Amino acid sequence: MAEAVAPGKVILCGEHFVVYGEPAIVAAIDLKAYAYASLTDEPGIHIYSSKVSEDALQPIREVVKLLVESKDARLIDKGLMVSINSGIPISAGLGSSAAVAVASILATSKLLGLKLKKREIVSLGVKAEEIIHGRPSGIDPTISVYGGILLFKPGGKIRRIKPAKPVELVIADSGLKRSTGVMVRRVGELASRYPDVFSRLRSTVRMLVRRAVEAIIEGDIEELGGILNMNHGLLSAIGVSNSRLEKLVYAAREAGALGSKVTGAGGGGCIIALARPRESDRIASSLVDAGAEAVYKARILEVGAM
Ligand code: MEV
């Protein structure tokens, strides 16, 4: 048997606009997916998980099949099994599907003795995301493989960002499930209805991301908080927030968060709040009072799956 583990993520700045080629900042968090690959007597590729739905497992089956075929297609007749155990909430904007795909691909490649490069694992992860939501930027599988905090730009070089001070984040899950594909399509409709407005929003996000990178590197968390708030405003503008998410975003700010925003595809899922040192407990309990289904104090993971 071979095993692999891959982290989930939060997007600090730039989601959705990254699908259109803009840069975004993403961080790996200590919520993880585990995958165990083994040979079995039952012919075919079998992917099991008690938590992940069959719809979400199908893309993983397809990319694992691609990987097995690249090594020895006869293994499919013999039988291969991948069991997944994930601690990342599903459909919540925390990169669960990418982490599950990355862990499964990596465990299978280890079992088959394939020494895949990071970018090869990412590109199989992106294939799985394409099946799931049609138009992925690639940010989720990339952070899951590399870990840490990254400045990501589709098709561009990945840049690691080293924070001068720890970035303390509280994550609150609204409990509303939503599909990334639906949210990305909705934003696409808005972008084609208002191309001139959307292009100005894109350039504004580009500026915010640039300033957020500087703020992280300089350890200026007040500045970073302000940028997160402005980024949230733009996410509201493109229609990916709603009253439940707004309630959490404002509860966090009223409890002293320096900034708070929707993270990931929105429409439901999670918000993140940036806390001053030692203030995350107070913010977390306000978020519970404001109706969050679950609250996590995120620890940023320096290592990814590889
Ligand atoms: C999903 O985590 C982030 C989106 O920007 C989609 C993507 O980049 O693939 C909404």
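User: Where does His16 lie, and is His16 buried or exposed?
Analyst: This is a predicted model in which local features need pLDDT of at least 70, side-chain atom pairs count only at pLDDT 80 or more, and totals for chains, interfaces and linings use all residues. Residues are numbered from 1 along each chain as its sequence is written, and side-chain values use heavy atoms, with hydrogens and water left out. His16 sits in the loop between E1 and E2, strands (E, at least two residues) and helices (H or I, at least four) being DSSP runs numbered from the N terminus. Buried means under 20% relative accessible area, exposed over 50% and partly exposed in between, with a 1.4 Å probe and protein chains only; because its relative accessibility is 5%, His16 counts as buried.

User: Which atom of His16 lies 2.9 Å from an oxygen atom of the ligand?
Analyst: His16 is among the residues around the ligand, that is, those with a heavy atom within 4 Å of it. Phi of His16 is positive, near 70 degrees, in a residue other than glycine. The atom at 2.9 Å from the ligand oxygen is a backbone N or O atom.

User: What is the distance from a polar side-chain atom of Ser137 to an oxygen atom of the ligand?
Analyst: Ser137 is also one of the residues around the ligand. For Lys9, an N or O atom in the side chain is 2.9 Å from a ligand oxygen. For Ser137, the distance from a polar side-chain atom to a ligand oxygen is 2.6 Å.

User: How many of the eight residues of helix H5 are buried?
Analyst: H5 spans residues 139-146. The number buried is seven.

User: How do the residues of the contact of H4 with H5 divide?
Analyst: H4 and H5 pack at about 145 degrees with axes 8 Å apart. The contact (heavy atoms within 4.5 Å) involves residues including Ile121 and Val122 of H4 and Pro141 and Tyr146 of H5. They divide into six nonpolar, two polar and four charged.

User: Is Arg278 buried or exposed?
Analyst: Arg278 is in the loop between strand E9 (270-275) and helix H10 (280-289). Phi of Arg278 is positive, about 65 degrees, although it is not a glycine. Because its relative accessibility is 77%, Arg278 counts as exposed.

Terms used
Axes are lines fitted to C-alpha atoms, for helices over the stretch in contact, and angles run from 0 to 180 degrees between N-to-C directions. Ala, Val, Leu, Ile, Met, Phe, Trp, Tyr, Cys and Pro count as nonpolar, Asp, Glu, Lys and Arg as charged, and the others, Gly among them, as polar. A polar contact is a pair of N or O atoms within 3.5 Å; within protein, one must be able to donate a hydrogen and the other to accept it, and residues adjacent in sequence count only if both atoms are side-chain atoms.
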